[in-house]
Amino acid sequence: MIPKAILFDLDDTLHDRRASVEAFTPALFAHLEPWLSGASLENFKTVLHRVDYGGYVPREIFMQRLLEAFHAKDFDALRLAKFWRSEFAKFAQPMVGAYELLEFLGSKGIKTGIVSNGTVQLQQAKIDALGLKVDVVIISEAVGVKKPSAKPFLEALRLLEVSASEAWFVGDHPINDVQGASSVGMKAFWLEREQRAEAVDAVRLEHLLELRSYVVGS
Ligand SMILES: [Mg+2]
């Protein structure tokens, strides 16, 4: 049965976070240079990737770890985290196929939405910068609890007036996205950005546009 709605994770699903970090790194390096004790951009990139954890740590902690790695003293991690939040979205890159897929779903009359963990300011800024057109956006900060908790998923379904069994979810995180969406009763698709050792109980997608054939065949 064709789904009535398809919900998506944002980072590393509709938003190519890796490409955005890559694009943002030179600007961040230039901003932080006074604290970096003469480090090269290459060295900075290496350390940044090590402490970023794919964005799964608060930016204040990330900034603190990043600067500590360069033995930086007298920095204000809160202020530098603010810089990340205000500037990162300007470098946001879409995932390959994201616009085409949303347009395709719209043409089929399927409602769409984004369910994302993070702060409203940063996640909404990325959605706006990318110009992602969806019917509903739920950001964990606004509902007070993160995925994989049921609430963000259920809130999106409630606003779309669709039941879980009529909706699909697409995301890159095996627990936050796949387990979270499955436990509320949605069919889950795992956008496999990295080879993972653990078994993920979901339909695997290597590319967003593969979803079209599941819609057509449903
Ligand atoms: Mg993600």
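Q: What makes the crossing of α1 and α2 right-handed?
A: A crossing is right-handed if the near helix is turned clockwise from the far one by less than a right angle, and left-handed if anticlockwise. α1 passes α2 in the right-handed way. Helices (H or I, at least four residues) and strands (E, at least two) are DSSP runs, numbered from the N terminus.

Q: What does the model rest on?
A: This is a predicted model: local features need pLDDT of at least 70, side-chain atom pairs count only at pLDDT 80 or more, and totals for chains, interfaces and linings use all residues. Residues are numbered from 1 along each chain as its sequence is written, and side-chain values use heavy atoms, with hydrogens and water left out.

Q: Which residues of α1 and α2 meet?
A: α1 brings R17, V21, E22, T25, P26, L28, F29 and L32. α2 answers with L41, F44, K45, L48, H49 and D52. Contact means heavy atoms within 4.5 Å. By class, eight residues of this contact are nonpolar, two polar and four charged. Ala, Val, Leu, Ile, Met, Phe, Trp, Tyr, Cys and Pro count as nonpolar, Asp, Glu, Lys and Arg as charged, and the others, Gly among them, as polar.

Q: What makes α1 oblique to α4?
A: Helix α1 (residues 17-32) and helix α4 (residues 77-87) pack at about 130°, with axes 11 Å apart. That angle makes the pair oblique. Their crossing is right-handed. On the α1 side, R17, V21, F24, L28, H31 and L32 make the contact; on the α4 side, L80, F83, W84 and E87 do. Seven of these residues are nonpolar, one is polar and two are charged.

Q: Why is α2 called oblique to α3?
A: Helix α2 (residues 41-52) packs on helix α3 (residues 59-69) at about 140°, with axes 9 Å apart. That value makes the two helices oblique. They cross in a right-handed sense. F44, V47, L48, R50, V51 and D52 of α2 touch R59, F62, R65, L66 and A69 of α3. The classes are seven nonpolar, no polar and four charged.

Q: How do you know which residues coordinate the magnesium ion?
A: Donors are N, O and S atoms within 2.8 Å of the metal (3.2 Å for Na, K and Ca). D9 (OD), D11 (O) and D172 (OD) lie at 2.1 to 2.2 Å, so they qualify as donors. Water is not among the atoms, so the site may look incomplete. The donor spacing in sequence is D-x1-D-x160-D. D9 and D11 are both buried.

Q: Why is G97 called buried?
A: Buried means under 20% relative accessible area, exposed over 50%, partly exposed in between (1.4 Å probe, protein chains only). G97 has 14%, so it is buried. G97 sits in the loop between α4 and α5 (98-107). Leaving out residues up to four places away in sequence, G97 touches L208 and L209.

Q: What makes I127 a buried residue?
A: Its relative accessible area is 4%, so I127 counts as buried. I127 belongs to helix α6 (residues 120-130). Not counting residues up to four places away in sequence, I127 touches L10, I114, L132 and V137.

Q: How do you know whether Y53 and E161 are exposed or partly exposed?
A: Y53 has a relative accessible area of 48%, so Y53 is partly exposed. E161 has 71% and is therefore exposed. Y53 lies in the loop between α2 and α3, E161 in the loop between α8 and β4 (167-171). Phi is near 50° for Y53 and near 55° for E161.

Q: Where does P148 lie, and what is omega for the bond to it from K147?
A: P148 is in the loop between α7 (140-143) and α8 (150-160). Omega is near 15°, and the peptide bond from K147 to P148 is cis.

Technical notes:
Axes are lines fitted to C-alpha atoms, for helices over the stretch in contact, and angles run from 0 to 180 degrees between N-to-C directions. Angles under 35 degrees count as roughly parallel, over 145 as roughly antiparallel, 65 to 115 as roughly perpendicular and the rest as oblique.
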